Amino acid sequence: MYTVNKIVCSSCRVQSSQIALLALNLSTSGILQENRKCKLLVVGGGAGGCSVAAKASNKLGAGKVIVLEPADKHYYQPMFTLIGGGIKKLKDSFRPMSTVLPALATWLQDSAAKFEPETNTVLTKGGDRIEYEYLLVAVGLQLNYDQIPGLVEALSIPNGKVCSNYSPKYVDRTFQALQNFRSGNALFTFPNSPVKCPGAPQKVLYIAEHYLRKSKKRKNANLFYNTSLPVLFGVKHYADALWKIVKKRNINVNLRTNLVEVKPSTDEAVFENLDKPSERFTVNYEFLHVTPPMGAPDVLKACKSLVNEVGFVDVNKDTLQHQRFGNVFAIGDCSSSPNSKTAASVAAQSQVVYKNLMAVMDGKTPNRVFDGYASCPLVTGYNTCVLAEFDYSLTPLETFPVDQSKERFSMYLMKKDFMPALYWHLLLNGLWNGPGLMRKLMHMRL
C-alpha cells in the first residue's frame, strides 16, 4: 500500500490524511499502480468464485488466493423470484461481501479491466496489475437491459407497469406492479439470448397468475408468455408437465417470439417472430415482466484468446479447464460449458474445478468430470413447485425417489426455506458440491 508522510512548508501544513486521499485518487485513475502476485486469482465473488476460493484457500493457506470482486453486497439471486411474488423481502437476499468471502483469501474490491492470459496477468480498473500462477474466471453474466429500446426508460417510471426480477435494482417493482394491476394484458418474456436460470421467466408467470386468482383479478387478466425458445422448457419430461399447467390456467404461450422494443408512453410492447424476422406485432400491456437479454461481460469478450466466438470462456465441458491455457479454469455462467446456468450447476462444478485445479498444480492431468448437472425449482404458485433436475443430455437426473415433474408443496418449502440456508452456510463455504451423493443414497436398491 502507499505510505505518504506529512509534508510541512513555510506557508502551510498539509495533513497526511489529505495527501493519502490524493494518493487514493491517483491510484484509482491509474496513475499509480500496485503490482500483486498470487498463486490463484479468482475473478468474481459470486457463488462459484466464493465456493472454489474457500476450498482453495483452505488448502493453499493464507495469502495465496486473491478474489477480485467490486461489489460490496453478495446476493442470493435465486431468491429474486420469491421477492417478485411478495414471498420474501429484498433485504433477505443479500449479505455484506466481506462476510461471505473466505477469511484466508485476500479480497481486492475492484474489477477486471483487461485479461492477459498470455502473460498470466489481469489488470484492474483501479490500476493494479495482478500476476497469477492459476486463474479462475467466475464473472457471471451481464444483464443488457439497454439492448431493448425503451426498456430502461420504462423501468425508471415510479410505480410503473414494467418490471424485472433479474436485478436487485428492479425486483421490488414486480410485486408493486402486480398489486397495481386491475385488468388487461399481462405479458412475460424470455429473450433471444442465454439467460441465468432459464426457468425463472416462467416462475414469475405462475406466481403472478396465482396472485391474480388470490386477489380476485384473474378473470380480468389475459396472460401471455412470449418466449424466443421453440419449446416451453428444454427437458421434455418437465415440459410436458408445464404444458398441462399453462393449459389448465388458461395462459397463452407464444413460442419463437422475442421482445424488441418497449413504448412506455403508450404502454405498448413490440415483438418479432424469430421464424419470420420481418414480421412484428405490437401488444398493449397493463403489466410487463421483462427478462433482459444477457451475455458474457464486455471485458471478457474483449479477450479473444480467452473466449469462444460468442464471448464465453472457452473450456472443456468435462474438466472446465481452458482449451488453450492449462492454468485457467472457469465456473458458472461465464463458462462455455453447455449446461443450464443455475446456482445448482455451480455447486456441482465447484468440486470438479477445485479437484482439477489442484491436480494441475501438482503437475497431474485433471480427471474430474462435470456431467452437466442443473437444477431448476420451478415455483408454480404460492405453495407448489416442480423440481427439475437434468444433465448435459437433458435427461432427468432426479434426486428424490418420486416423480419430480409433479407440483409438490414439499418442493416449494425446500425452495423457499431450505435452499437459502444451504447456499449461505454450505455452498459459499465450499462445503456443498451438489446432491450427487444424496441421489445415490436415495436410489439405492437393497
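Colleague: Hi! Before we look at anything, what does "buried" mean here?

Modeller: Hello! A residue is called buried when its relative accessible area is under 20%, and exposed when that value is over 50%. One thing to keep in mind is that this is a predicted model.

Colleague: Thanks! So is Asn-226 buried or exposed?

Modeller: Asn-226 has a relative accessible area of 2%. The cut-off for buried is under 20%, so Asn-226 counts as buried.

Colleague: And where does Asn-226 sit?

Modeller: You can find Asn-226 in strand 14, which covers residues 221-227.

Colleague: Which residues does Asn-226 touch?

Modeller: Leaving out residues up to four places away in sequence, Asn-226 touches Phe-188, Thr-189, Phe-190, Asn-254, Thr-257 and Phe-271.

Colleague: How many bridges join strand 12 to strand 19?

Modeller: There are 2 bridges between strand 12 and strand 19 (residues 287-289), and these two strands run parallel. If you want a pair to look for, Cys-163 stands opposite His-289 in strand 19.

Colleague: Nice. Now a new topic, the surface. Where is there a nonpolar patch?

Modeller: Look for Leu-437, Leu-441 and Met-444, which form a nonpolar patch on the surface. Together they have about 340 Å² of accessible area.

Colleague: Why does Leu-437 count as exposed?

Modeller: Its relative accessibility is 62%, and exposed means over 50%, so Leu-437 qualifies. Leu-437 lies in helix 12, residues 436-442.

Colleague: Let's zoom out. How many helices and strands does the protein have?

Modeller: The protein has 12 helices and 23 strands. Its radius of gyration is 24 Å, close to the 22 Å that the globule rule gives for 446 residues, so the protein is as compact as a globular protein of that length. The C-alpha trace spans about 80 × 70 × 40 Å along its principal axes.

Colleague: Last one! What share of the contacts comes from residues 24 or more positions apart?

Modeller: Among contacts with a separation of 6 or more, such residues account for 64%.

How values were computed: Residues are numbered from 1 along each chain as its sequence is written. This is a predicted model: local features need pLDDT of at least 70, side-chain atom pairs count only at pLDDT 80 or more; totals for chains, interfaces and linings use all residues. Side-chain values use heavy atoms; hydrogens and water are left out. Patches are made of residues with over 30% relative accessible area and no salt bridge: like charges are joined within 9 Å, nonpolar side chains (Val, Leu, Ile, Met, Phe, Trp, Tyr) within 5 Å. Accessible areas come from the Shrake-Rupley method with a 1.4 Å probe; for residues, only the protein chains shown count as cover. A salt bridge is a side-chain nitrogen of Lys or Arg within 4 Å of a carboxyl oxygen of Asp or Glu. Helices (H or I, at least four residues) and strands (E, at least two) are DSSP runs, numbered from the N terminus. Buried means under 20% relative accessible area, exposed over 50%, partly exposed in between (1.4 Å probe, protein chains only). Two strands pair if DSSP finds at least two bridges between them. The radius of gyration is taken over C-alpha atoms; the globule rule is 2.2 Å times the number of residues to the power 0.38. Contact means heavy atoms within 4.5 Å.
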